[in-house]
Amino acid sequence: QIVATGICRSDDHVVTGALVMPFPIILGHEAAGVVESVGQGVTSIKPGDKVIPLFVPQCGECKTCLSTRGNLCSKNDISSGAGLMPDGTTRFTCKGKAIHHFLGTSTFTEYTVVHETAVAKIDSAAPLEKVCLIGCGFSTGYGAAVQTAKVEPGSTCAVFGLGGVGLSVVMGCKAAGASRIIAVDINSNKFAKAKELGATDCVNPKDFKKPIEEVLIEMTGHGVDYSFEVIGRCPSVSMQAAALACCQYNYGVSVIVGVPPAAQKITFDPLLLFTGRTWKGSVFGGWKSKDSVPKLVADYMKKKFVLDPLITHTLPFTKINEGFDLLRTGK
């Protein structure tokens, strides 16, 4: 049973066609709930457990799961986009017609079915309407900074895009001890919250005639140590190249965190990489999901980080479309 679900830009990407998935489909992938029943052979969870569904599963057996270097389990549905359970079936129907699953989770529903490898048992005292964000947005952003980039104390960071995930990147950079965190967004209304969560500078590209990468290089003298592209929507491919260009020419690291739009390609000068920069992608913040989600919830319970500032509105499920309107208008 789903108790609380967040709305993520990736869900909207499916609606607009920027992320191609089979229809009809039940979207949603950032949630928390209570186990209603379990299938045959399920041993790691039982009815009554509080859980978070995992859009990046952890089978524990594939090459990635067995490696310490990655977290994108081969059983994921991001790569294939099949919209089905791992056994190739769907557990949703409407008037006899099959409905597809989304990323093995489908949380925009009162009840969903997930595979045992795609759900994590969490602290029973955790507030589900807050820790649901650990199912995607918070973990994705925070992990991109502390896990994927491995931001170091005293370093300089630039974060492009200040939605929930971008703000979580800011929190991760601060937690890692970055001395300067430059927040970049075309919506200046987001700057106050970015500063509250750790941003030291806020920059609106619309305020400048020159490309944003030049502005950031001038601000820092040599470019940033770490940059994060957390926009993840149609105009962002040029921003991904800008995020790469704004980091230090030799040892700078740039991380793509937002879901890139389908069918768009990046054009960039290969010299940007030849001089030594590193370009990385990060899915779910690099966390091994089944292992890490319970620990992140435990850290939240110990007040090691906050989630409240990431929650702008709480709506009843019947007003989900109003929630999407708020997302699309940057509110």
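What follows is a chat about salt bridges in a predicted model.

Visitor: Before we start, what kind of model is this, and which pLDDT cut-offs apply?
Guide: It's a predicted model, where local features need pLDDT of at least 70, side-chain atom pairs count only at pLDDT 80 or more, and totals for chains, interfaces and linings use all residues. Residues are numbered from 1 along each chain as its sequence is written, and side-chain values use heavy atoms, with hydrogens and water left out.

Visitor: OK, how many salt bridges are there?
Guide: The count is 10, taking a salt bridge as a side-chain nitrogen of Lys or Arg within 4 Å of a carboxyl oxygen of Asp or Glu.

Visitor: What does Arg328 pair with?
Guide: Asp12, at 2.7 Å from N to O. Arg328 sits in helix α11 (residues 320–328) and Asp12 in helix α1 (residues 9–16), so the pair links distant parts of the chain, 316 residues apart. Helices here are DSSP runs of H or I, at least four residues, numbered from the N terminus.

Visitor: Is Asp12 buried or exposed?
Guide: Buried, with a relative accessible area of 3%, while Arg328 is partly exposed at 40%. Buried means under 20% relative accessible area, exposed over 50%, and partly exposed in between (1.4 Å probe, protein chains only).

Visitor: Which residues are in that network?
Guide: Salt bridges link Arg9, Asp12, Asp325 and Arg328.

Visitor: Switching topic, what about Lys46?
Guide: Its side chain meets Asp49 in a salt bridge, 3.0 Å from N to O. Lys46 is partly exposed at 46%, and Asp49 is buried at 6%.

Visitor: And where does Lys210 go?
Guide: To Glu218, with the closest N and O atoms 2.8 Å apart. Lys210 is partly exposed at 34%, whereas Glu218 is exposed at 55%.

Conventions
Helix = DSSP H or I, 4+ residues; strand = E, 2+ residues; numbered from the N terminus.
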